[in-house]
Amino acid sequence: MLNPAIGKLIKNSDSRYKLVLDVAKKARKIANEANENEEIITEKPVTLAMNEMSADIDD
């Protein structure tokens, strides 16, 4: 099972395709920022992006 649940994330998207695009864009942004700041991230950018999007829904 995905954490966070896909059903929770898709509520704010028009479709699964749009959700995938949104997660990919956010993941690229996270990876680029980490690269620019010379930070080492231990989790994958996609995981971080999904967690951020889930936190935005909860707020």
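1. Read along the sequence, the chain follows the pattern α-α-α, with three helices and zero strands in the chain. Helices (H or I, at least four residues) and strands (E, at least two) are taken as DSSP runs and numbered from the N terminus. The model is predicted: local features need pLDDT of at least 70, side-chain atom pairs count only at pLDDT 80 or more, and totals for chains, interfaces and linings use all residues. Residues are numbered from 1 along each chain as its sequence is written, and side-chain values use heavy atoms, with hydrogens and water left out.

2. Overall dimensions and surface. The C-alpha trace spans about 35 × 25 × 20 Å along its principal axes. The chain exposes about 4700 Å², of which carbon and sulfur atoms supply 51%; accessible areas come from the Shrake-Rupley method with a 1.4 Å probe, and for residues only the protein chains shown count as cover. Of the 59 residues, 20% count as buried, where buried means under 20% relative accessible area, exposed over 50%, and partly exposed in between (1.4 Å probe, protein chains only).

3. Nonpolar core. The largest nonpolar core has eight residues, namely Leu9, Leu19, Val23, Ala27, Ile30, Ala49, Met50 and Met53. Helices α2 and α3 each supply at least two residues of this core, and α2 gives the most, with four residues. Such a core is a set of buried Ala, Val, Leu, Ile, Met, Phe, Trp, Tyr and Cys residues joined through side-chain atoms within 4.5 Å.

4. Contacts. Leaving aside neighbours within four places in sequence, Ile30 is in contact (heavy atoms within 4.5 Å) with Pro45, Leu48, Ala49 and Glu52. For the chain, 51% of the contacts between residues at least 6 apart in sequence join residues at least 24 apart.

5. Because Lys18 and Asp22 are four residues apart in helix α2, about one helical turn separates them. Lys18 is partly exposed at 35% relative accessibility, and Asp22 is partly exposed with a relative accessible area of 22%.

6. Salt bridge between helices. Lys26 forms a salt bridge with Glu52, the closest N and O atoms being 3.8 Å apart. This pair links distant parts of the chain, with Lys26 in helix α2 and Glu52 in helix α3, 26 residues apart. Lys26 counts as partly exposed at 25% relative accessibility, and Glu52 as partly exposed at 37% relative accessible area.

7. Loop residues. Ser13 is placed in the loop between α1 (6-10) and α2 and is buried, with a relative accessible area of 13%. Not counting residues up to four places away in sequence, Ser13 touches Lys18, Leu19 and Asp22. Glu38 lies in the loop between α2 (16-36) and α3 (45-58), and at 73% relative accessibility Glu38 counts as exposed. Although not a glycine, Glu38 has a positive phi of about 55°.

8. The chain has 9 positive and 11 negative side chains, and the centres of the two sets lie 9 Å apart. Lys and Arg count as positive and Asp and Glu as negative, while His and the chain ends are not counted. The place of a charge is taken as NZ of Lys, CZ of Arg, CG of Asp or CD of Glu.

Note on methods: A salt bridge is a side-chain nitrogen of Lys or Arg within 4 Å of a carboxyl oxygen of Asp or Glu.
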